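This report walks through one predicted protein model. It covers the fold, the packing and the charged pairs.

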Amino acid sequence: AFRLPAQLCLVAEAALMLQLELPDAPPLPAEIVRTAGQLWAKSHFLAAEAAHGTAQAPGATLREVSGALDALGLRHGVQVHAAMYVLDLVLPPEVTGGAPVAILLHTDADMLQGAAKPSSDLVGGMQVKIRLVQSQGWVVISVLEHEWAALSSDAAKVHGIREQLLPHVGRDKAAGGGPPGGGQAGG
């Protein structure tokens, strides 16, 4: 079955990727891109509303990663609509000392399914999301839920997220030197 809204969202993402990757390429038809772009923006706006409204409470992995950021004393937002997407966790520039950092959590549904399970290769839609967010000046850190779950203790989880953040956040901040107070919703 052809699902027009979903297909048009893919067209919008393809148009954005063409602009990013091949700026001199002939453009897609303007009317299709305009309609697809409007639908794509609306779908992401609705997703952001659901994340901020009466949607389900954040999942266990989201709560645990947020808790690890709290343990490091890093102020952050949870389920923030920014960079055209709902980002799972966000560290603003005043916390990182540089570019804003988006932490994206990936379930097995975001992974390519193949011989090696669980895979660490993201499906195309997730790769597009990461590239588009990066194109807007964000640093993107991916946390694979199956790898996170394999960490044996809270201390190991704090260490794991610290190691991923070190290249992108001032060493003193990632080491837990900032004031506590993370886990703020919105942004």
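## Terms and basis

Buried means under 20% relative accessible area, exposed means over 50%, and partly exposed lies in between (1.4 Å probe, protein chains only). Helices (H or I, at least four residues) and strands (E, at least two) are DSSP runs, numbered from the N terminus.

The model is predicted, so local features need pLDDT of at least 70 and side-chain atom pairs count only at pLDDT 80 or more, while totals for chains, interfaces and linings use all residues. Residues are numbered from 1 along each chain as its sequence is written, and side-chain values use heavy atoms, with hydrogens and water left out.

## Overall fold

The chain has eight helices and five strands. Their order along the sequence is α-α-α-β-β-α-β-α-β-α-α-α-β. Of the 187 residues, 36% count as buried. The accessible surface (Shrake-Rupley method, 1.4 Å probe) comes to about 10100 Å². Carbon and sulfur atoms hold 59% of that surface.

Contact means heavy atoms within 4.5 Å. Among contacts between residues at least 6 apart in sequence, 66% join residues at least 24 apart.

## Strands E3 and E4

Strand E4 (residues 139-144) is mostly covered, with five of its six residues buried. Strands pair if DSSP finds at least two bridges between them. Strand E3 (residues 101-106) runs parallel to E4, and six bridges join the two.

## Helix H5 and the cores

Helix H5 (residues 124-135) has twelve residues. At 1.5 Å a residue it should span 16 Å, and its end C-alpha atoms are 16 Å apart, which agrees. The expected span is 1.5 Å times one less than the number of residues. Met126, Val128, Lys129, Ile130, Leu132 and Val133 are buried in H5. After H5 comes glycine 137, with a positive phi near 90 degrees.

A nonpolar core is a set of buried Ala, Val, Leu, Ile, Met, Phe, Trp, Tyr and Cys residues joined through side-chain atoms within 4.5 Å. The largest one holds 22 residues, and Tyr85, Leu87, Leu122, Val133 and Trp138 touch the most other members. Helix H1 (4-21), helix H2 (30-52), strand E1 (77-82), strand E2 (85-91), E3, H5 and E4 each give two or more residues. H5 supplies the largest share, five residues. A second, separate core has 21 residues, including Val65, Leu89, Leu91 and Val143. Nonpolar side chains tend to be buried together in soluble globular proteins.

Leucine 122 has contacts beyond four places in sequence, among them His106, Asp110, Ile130 and Leu144.

## Salt bridges

A salt bridge is a side-chain nitrogen of Lys or Arg within 4 Å of a carboxyl oxygen of Asp or Glu. The count is two. Lysine 157 pairs with glutamate 64, with the closest N and O atoms 2.8 Å apart. Lysine 157 lies in helix H7 and glutamate 64 in helix H3 (residues 60-71), so the pair ties together parts 93 residues apart in sequence. Lysine 157 counts as buried because its relative accessibility is 11%. Glutamate 64, at 34%, is partly exposed. Lysine 157 also touches Ala68, Trp148 and Leu151.

Glutamate 94 pairs with arginine 75, with the closest N and O atoms 2.9 Å apart. Glutamate 94 sits in helix H4 (residues 93-96) and arginine 75 in the loop between H3 and E1, 19 residues apart. Glutamate 94 is exposed at 52% relative accessible area, whereas arginine 75 is partly exposed at 30%.
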